[in-house]
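Welcome to this structure, and thanks for taking a look. Here are some notes to keep beside you as you explore.

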Amino acid sequence: LEHKEEFEHSSLAVDVMRPRRSDPALAGLYCISQALVESTRYSGFPVVVSQESQRLVGFVLRRDLLISIENALQRQEGVVSASRVVFTEHTPSQAPDGPPPLRLRGIMDLSPFTVTDHTPMDITVDIFRKLGLRQCLVTHNGRLLGIITKKDILKHMAQIANRDPDSILFN
Ligand code: ATP
């Protein structure tokens, strides 16, 4: 995100975040497994207190997750590839005969950057630039709503430029 030009469009964070309005809601994780990490290509995952509350706890990078799971598989007794990875102190209920969970609270970023859904995009872009963010989470009343990556912003800027060049110049 270069500093060349100001972002002078009236869009809000909710207009840029993923998932889009028509897509299923973003479900933050409270637990995950190796297979689930490997089944997506996302660079990171928001972690929430529980599936019901969707209150944000932190953010975990895909890369750190895969390295830590691999390490635990080799070194930690009882950890198998089906082990559930958990991030919160309390253990989510699990099948009685299932493997014990793998606790990886330590690799979580406990204060990921967040904006609310109504934060104007010019402010959000400014934050991305000044703090060199790669992604930022979007919340509404403390509940996780979405995620904005640097690429999402670049795509949004390109879209505005194609659709409506005048409104960028004169807005
Ligand atoms: P790329 O992987 O092509 O570099 P990117 O830099 O936007 O893309 P990704 O993390 O792969 O980073 O995100 C791809 C898309 O998925 C983005 O539009 C982003 O908003 C969305 N996204 C990122 N993480 C998640 C997630 N955990 N759950 C749902 N959507 C996500």
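Is arginine 21 buried or exposed? Arginine 21 is exposed, with a relative accessibility of 69%. Here buried means under 20% relative accessible area, exposed over 50%, and partly exposed in between, using a 1.4 Å probe and protein chains only.

1. **Before you start.** This is a predicted model, in which local features need pLDDT of at least 70 and side-chain atom pairs count only at pLDDT 80 or more, while totals for chains, interfaces and linings use all residues. Residues are numbered from 1 along each chain as its sequence is written, and side-chain values use heavy atoms, with hydrogens and water left out.

2. **The overall layout.** The chain has six helices and eight strands. These are DSSP runs numbered from the N terminus, with helices being H or I of at least four residues and strands being E of at least two. Followed along the sequence, the pattern reads α-β-α-β-β-α-β-β-β-α-β-β-α-α. Of the chain's 171 residues, 39% count as buried.

3. **Salt bridges, starting with arginine 21.** A salt bridge here is a side-chain nitrogen of Lys or Arg within 4 Å of a carboxyl oxygen of Asp or Glu. The count by this rule is four. One of them joins arginine 21 to aspartate 15, with the closest N and O atoms 3.1 Å apart. Aspartate 15 is partly exposed, at a relative accessible area of 24%.

4. Lysine 130 is exposed, with a relative accessible area of 61%, whereas aspartate 126 is partly exposed at 32%.

5. **A bridge across the sequence.** Have a look next at arginine 18, which forms a salt bridge with aspartate 152, the closest N and O atoms being 3.8 Å apart. Arginine 18 lies in the loop between α1 (13-16) and β1 (31-32), and aspartate 152 lies in helix α5 (residues 150-163), so this pair ties together parts that are 134 residues apart in sequence. Arginine 18 is partly exposed, with a relative accessible area of 30%, while aspartate 152 counts as buried at 8%.

6. Which residues are around the ligand? Among them are Arg18, Leu26, Arg41, Tyr42, Phe45, Ile147, Lys151 and Asp152; a residue is near a molecule if one of its heavy atoms lies within 4 Å of it. A polar side-chain atom of threonine 149 is 2.6 Å from an oxygen atom of the ligand, and a polar side-chain atom of aspartate 152 is 2.5 Å from a ligand oxygen atom. A polar backbone atom of glycine 44 lies 3.1 Å from a nitrogen atom of the ligand. The protein covers 72% of the 600 Å² of accessible area that the ligand has on its own, with areas taken from the Shrake-Rupley method with a 1.4 Å probe and, for residues, only the protein chains shown counting as cover.

7. **What forms the shell.** The elements that give two or more residues to the shell around the ligand are β2 (44-48), β8 (143-149) and α5. Of these, β2 gives the most, with three residues.

8. Besides its salt bridge with arginine 18 and its place beside a ligand oxygen, aspartate 152 has a polar side-chain atom 2.9 Å from the backbone nitrogen of threonine 149.

9. **A cis proline.** The peptide bond from arginine 18 to proline 19 is cis, with omega near -5°. Proline 19 is in the loop between α1 and β1 and counts as buried, at 17% relative accessibility. Proline 19 and isoleucine 147 are 128 residues apart in sequence, yet 7.5 Å apart in space, C-alpha to C-alpha.

10. **Two backbone angles to check.** Glutamine 54 is not a glycine, but has a positive phi of about 55°. Glutamine 54 is found in the loop between β2 and β3 (56-61) and is buried, with a relative accessible area of 9%. Asparagine 141, also not a glycine, has a positive phi of about 50°. Asparagine 141 lies in the loop between β7 (135-140) and β8, and is exposed, with a relative accessible area of 72%.

How values were computed: Polar contact = N/O pair within 3.5 Å; in protein donor to acceptor, adjacent residues only side chain to side chain.
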